[in-house]
Amino acid sequence: MFKVKAEVNFSASHENLVVGLFDRPVKFEGGLAALDEMFGGQLNELAKSGDISGKLKEVGKLHTLGKAGAKKIWFVGLGREKEFTFDKLREALGRAFKSLKNAKQEEVALYLDSFLAGDIDAEDAAYAVSEAFALSTYIFEGYKQKPNEPEKKLEEITIYSEAADEQEINASLTVGYAYGRGTNSARTLVNTPGNMLKATDLAEYARKLGEKYGFETEILGLEEIRKLGMGALLAVNQGSVEEPRMIVLKYQGKETWEDAIGLVGKGITFDTGGYSIKTKTGIVGMKTDMGGAAAVLGAMEIIGELKPEQNVVAVIPSTDNMIGGGAFKPDDVITSMSGKTIEVLNTDAEGRLVLADAMTYAKHHGAQYLVDVATLTGGVITALGLHTTGAMTNNEELFEQVLEASYEAGEQMWRLPIFEKDLERVRGSKIADLNNSPGSEGHAVMGGAFVGEFAEGTPWVHLDIAGTATSRQDTDLGPSGATGVMSRTLALFVERFEPFEK
Ligand code: BES
Ligand code: ZN
Ligand code: ZN
């Protein structure tokens, strides 16, 4: 896929060459002067006339007509050097790869050193290249008789760089590519319809992932879930003809099982709302209600590839949320694995129920830190829109580490509060310890506060991805549909994680 060359050679023959251009008065200088010379100084002239632009994300194509080794040069605008960031680099590269994909190109060379500025070095840029490549060329095949597959795929990428040694660049390419592909796997899971991805299918997927990377795998079926008293997961599953699963994957990267991070992902394979049934428009798209599970599995794939020195236990509670003669109902009182009883006021607030048992089970497996990810509430969309994940926590230090990872991954999040008064509301049932839907004010906060009750003092961060798990529009880094959001943040968080005094 990737080839690295330590000597820059603009005469080498390629179908395409990708060059980054900053928005500055003289564009072809330094390493690019040699390219300009091949055109007798015409490139700087073209740049002056505006035909080749350094404006952020503008992509221009030039047929070289034999004047350079590559048949076509694609200039990618990077904006002003001073305002350059890693996110801009990643998105500009995504835009470039998309243009190549749309032009049905199969081979490309990329002059890496033209993308460097400020504190972004060749290794960072190599990481951005492979990640952006994987993300921006992602396609969900779908089920048309003629699949949504490109006739031609970009399959050969040669990277030219004199700014770092070959090995370092190769290592960064590997890491970026793992991040991109892990995210794409999460996207595919989320894009898959509910009739094709049931709890048993999700479990089978996790089992295969575990087999591939040597994770310890535990998959609980109906009987074991009953025996362990996971009454909250069972209640949500009651209306279904499909069996639930509690999926556990353990990755041990340290010598002993200590400081384990629990990653908990909501795995509702379809959410009808149950008897608090959704509207005919609100129900469409609810195959994506396992976006949290997908993010966790995507992260586990990245972790399996990169093998960081950390301990991780992934826990995924999975079922669909259906109606039927045996389904749970509003007013039911259920007992979770933790022993806490819950008054069900809304069967559509099912995510927090299955997460409750999964949080308890993650702790049972030794999780000392917890991060849960869930398409939990429409309320988070009202609060933060479609581009920002809602975060809640009971621990500043853990939150800082997750937030830091989200910056690096380029996945926006913003914190919402959980105050004592909010806890009073989720604890405000007359007949049970908790209620699952204390009213429509602050849905996102209520969801978070409820899940946090099951952390019981363990440092915990909650990520509500109801708005960010899917995108209505194509972006520079992927098509509309599932985004695979939080796979990269979680994996980065795990890679960089530093345990702390609690
Ligand atoms: N799966 C939904 C949340 C959701 C909404 C995800 C829109 C993606 C897009 C969740 O189970 C749900 O229905 N939440 C309710 C909670 C309420 C009943 C307390 C909501 O947000 O309306
Ligand atoms: Zn729901
Ligand atoms: Zn749901």
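Colleague: Which residues coordinate the zinc ion (ligand 2)?

Modeller: This is a predicted model, and the values are computed from it. In it, D271 (OD), D348 (O), D348 (OD) and E350 (OE) coordinate the zinc ion (ligand 2), at 2.0 to 2.2 Å. Donors have to lie within 2.8 Å of the metal, so these atoms qualify. Along the sequence, the donor residues are spaced D-x76-D-x1-E.

Colleague: What makes the site of the zinc ion (ligand 2) irregular?

Modeller: There are 6 donor atoms, with angles of 73 to 169° among them. Six donors count as octahedral if opposite donors are over 155 degrees apart and all others between 65 and 115; anything else is irregular. The site of the zinc ion (ligand 2) falls under irregular.

Colleague: Why is the arrangement around the zinc ion (ligand 3) called octahedral?

Modeller: The zinc ion (ligand 3) has K266 (NZ), D271 (OD), D289 (OD) and E350 (OE) as its donors, at 1.9 to 2.4 Å. Its 6 donor atoms subtend angles of 77 to 172°, and the arrangement is therefore classed as octahedral. Their spacing along the chain is K-x4-D-x17-D-x60-E. K266 is in the loop between β9 (260–265) and β10, and E350 is in the loop between β13 and α10, so the pair ties together parts 84 residues apart in sequence.

Colleague: What bridges the zinc ion (ligand 2) and the zinc ion (ligand 3)?

Modeller: D271 does, and the two ions lie 3.2 Å apart. D271 sits in strand β10 (residues 267–271), whereas D348 is in the loop between β13 (341–343) and α10 (351–364); this pair links distant parts of the chain, 77 residues apart.

Colleague: How do you know whether D271 is buried or exposed?

Modeller: Buried means under 20% relative accessible area. D271 has 3% relative accessibility, so D271 counts as buried. K266, at 1%, counts as buried, and E350 is buried with a relative accessible area of 1%.

Colleague: Why is D348 called partly exposed?

Modeller: D348 has a relative accessibility of 22%.

Colleague: What lines the largest cavity?

Modeller: The count comes to 1 cavity of 30 Å³ or more, and the largest cavity has a volume of about 30 Å³. Its lining includes A186, V190, G291 and A294. Helix α9 (291–306) and α5 each supply at least two lining residues, with α9 giving the most, 3 residues. The lining divides into 7 nonpolar, 3 polar and no charged residues.

Colleague: What makes up the lining of the second largest pocket?

Modeller: There are 21 lining residues, and T137, Y138, I139, K153 and N184 lie nearest the centre. The pocket holds about 520 Å³ of space. α5 gives the most to its lining, with 5 residues. By class, the lining residues are 9 nonpolar, 5 polar and 7 charged.

How values were computed: Residues are numbered from 1 along each chain as its sequence is written. Chains are lettered from A and ligands numbered from 1 in the order in which they are written. This is a predicted model: local features need pLDDT of at least 70, side-chain atom pairs count only at pLDDT 80 or more; totals for chains, interfaces and linings use all residues. Side-chain values use heavy atoms; hydrogens and water are left out. Four donors count as tetrahedral if all angles lie between 85 and 135 degrees; four count as square planar and six as octahedral if opposite donors are over 155 degrees apart and all others between 65 and 115; anything else is irregular. Helices (H or I, at least four residues) and strands (E, at least two) are DSSP runs, numbered from the N terminus. Buried means under 20% relative accessible area, exposed over 50%, partly exposed in between (1.4 Å probe, protein chains only). On a 1 Å grid over the protein atoms alone, a cavity is a set of points where a 1.4 Å probe fits but cannot get out, and a pocket is an open set with protein on both sides within 12 Å along at least five of seven lines; lining residues have an atom within 4 Å of a point. Grid points are joined across faces, edges and corners, and a volume is the space filled by probe spheres set on the points. Ala, Val, Leu, Ile, Met, Phe, Trp, Tyr, Cys and Pro count as nonpolar, Asp, Glu, Lys and Arg as charged, and the others, Gly among them, as polar.
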